[in-house]
Amino acid sequence: MTKTAPLLLSALAGATALLLTVTSPAAANPNAINPIPVLNGTNGLPQLPGRSKAVFQVTGMASPNNTQNYNVLGTDLGIMWDNGNGELLTTFGDTAGLGFPNLLVGSTWAWRSNILVRSHTTNPANGIYFDSVVRDVFGQARDLIPSPKIPFLEISRIPTAAISVGGVQYMSLMSVKSWDDVGQWTTNYSGLAISGDNGETWGELPATRRPDEGGNSNFQMNAFVKGGGFVYEYGTQSGRNNAVFLARVPEAAIADLGAYEYWDGGAWKKGDVNAAQPVIGGGISEMSVQWNDYLGQYIMLTTDPWNSVVMYRSPSPEGPWGGPEVLIDTRELPTAYAPYIFPYQTGRDLYFLTTVHSQYNVILMHTTL
């Protein structure tokens, strides 16, 4: 039951006047959004005067991908990884579309928590174009891992990282219990889901759940990167502006929490999550990490406490990590968050996705290293 942009606009004409456009740069609750272009105050790509430029509208009604055709009017995140066979997979987070509203959580939209698209784009200079999307029987983008969406039980199940190991896809998700103060939320746990059919179907791995307590609370939001036969897992507590902790596990043992080692600032400690010490002391929000051939260093993208998009560099996964370098100043794009690095090497051209909350959609950015 796909719908074109004109039909969607017609259906929404009477409802959009009731929607609020949130301009707070760190608003957590995804329900209070308006993803309809012009009506939400946006018109085209943002014109950024600084180091980075907006080059392509990835999602929404203004995107060449026409994501409204599978009922994605607005969405966020955009976690990208290679599926092990040269195909780009991207998972998005809380997603707004037409249908029964989630009034229990204050949303006037039908709402999914985690969706997935596929692409063969390896050079994003002219954009990232989608080839396929994981759909339901009505042709709409569907949840990969369903969530009851009941406040203080589980209000959403949001992806924070994903990686391919041996041709099998693994995704880390956080179970959100409640939206709290600006930029803060409470989680029940984080955990892995697995797919053996290129992201079409997913199953939870309950043995990988990390409850939001003790040392496991430092791995509620994550980023993955491979190196030397290991998967490195960078973790923070739930919410924004936190310290970063580091674990690693042999690739083949990614689903075995007992096989993880934790960096204590000087050595790796196997099986002791409480031994982990910060590799970056604070100020980190949603993040992505990648080895960069051009720089010969690892890079991390995130937003800082003032909501600028920033980059950190390190010669090794453990550090030392340098200070933040501003890629997009908050005064240029005050509602940007969640910068995720394009997974294929592109020389000194750095491409990443960023969500713009004021239009609740995802944009491709470019900066020159």
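**Close-up views of a predicted model**

**View 1. Phe92 and its partner across two paired strands.** Phe92 stands opposite Ile115 in β6. In this predicted model, strand β3 (residues 88-92) runs antiparallel to strand β6 (residues 115-119), and five bridges join the two. Both strands belong to an open sheet of four strands, ordered β2-β3-β6-β7 with antiparallel pairing. The edges of this sheet are β2 (77-82) and β7 (132-133), each of which pairs on one side only. Strands of a sheet pair through backbone hydrogen bonds, in either a parallel or an antiparallel sense.

**View 2. The hairpin of β12 and β13.** Strands β12 (residues 221-227) and β13 (residues 230-236) are paired in the antiparallel sense over seven bridges. Gly227 stands opposite Phe230 in β13. Two residues separate the strands of this hairpin, and Gly228 in the turn has a positive phi of about 60°. Strand β12 is mostly covered, with six of its seven residues buried.

View 3. Leu104, Ile150 and Leu153 make a nonpolar surface patch of about 290 Å². Ile150 is located in the loop between β7 and β8 (156-165).

**View 4. Residues 1-26 and the confidence of the model.** Over residues 1-26, pLDDT stays under 50; the model has 54 contacts beyond four places in sequence for these residues. For the protein chain, the mean pLDDT is 92, and 92% of the residues reach 70 or more.

Notes
Residues numbered from 1 in each chain as written. Predicted model: local features only at pLDDT ≥ 70, side-chain atom pairs only at ≥ 80, totals over all residues. Heavy atoms only, no water. Pairing = 2+ DSSP bridges. pLDDT = per-residue confidence, 0-100. Contact = heavy atoms within 4.5 Å. Patch = residues over 30% accessible without salt bridge, like charges linked within 9 Å, V, L, I, M, F, W, Y side chains within 5 Å. Areas by Shrake-Rupley, 256 points an atom, 1.4 Å probe, with all protein chains shown as cover. Salt bridge = Lys/Arg side-chain N within 4 Å of Asp/Glu carboxyl O. Buried < 20%, exposed > 50% of the residue type's maximum accessible area, 1.4 Å probe, protein only.
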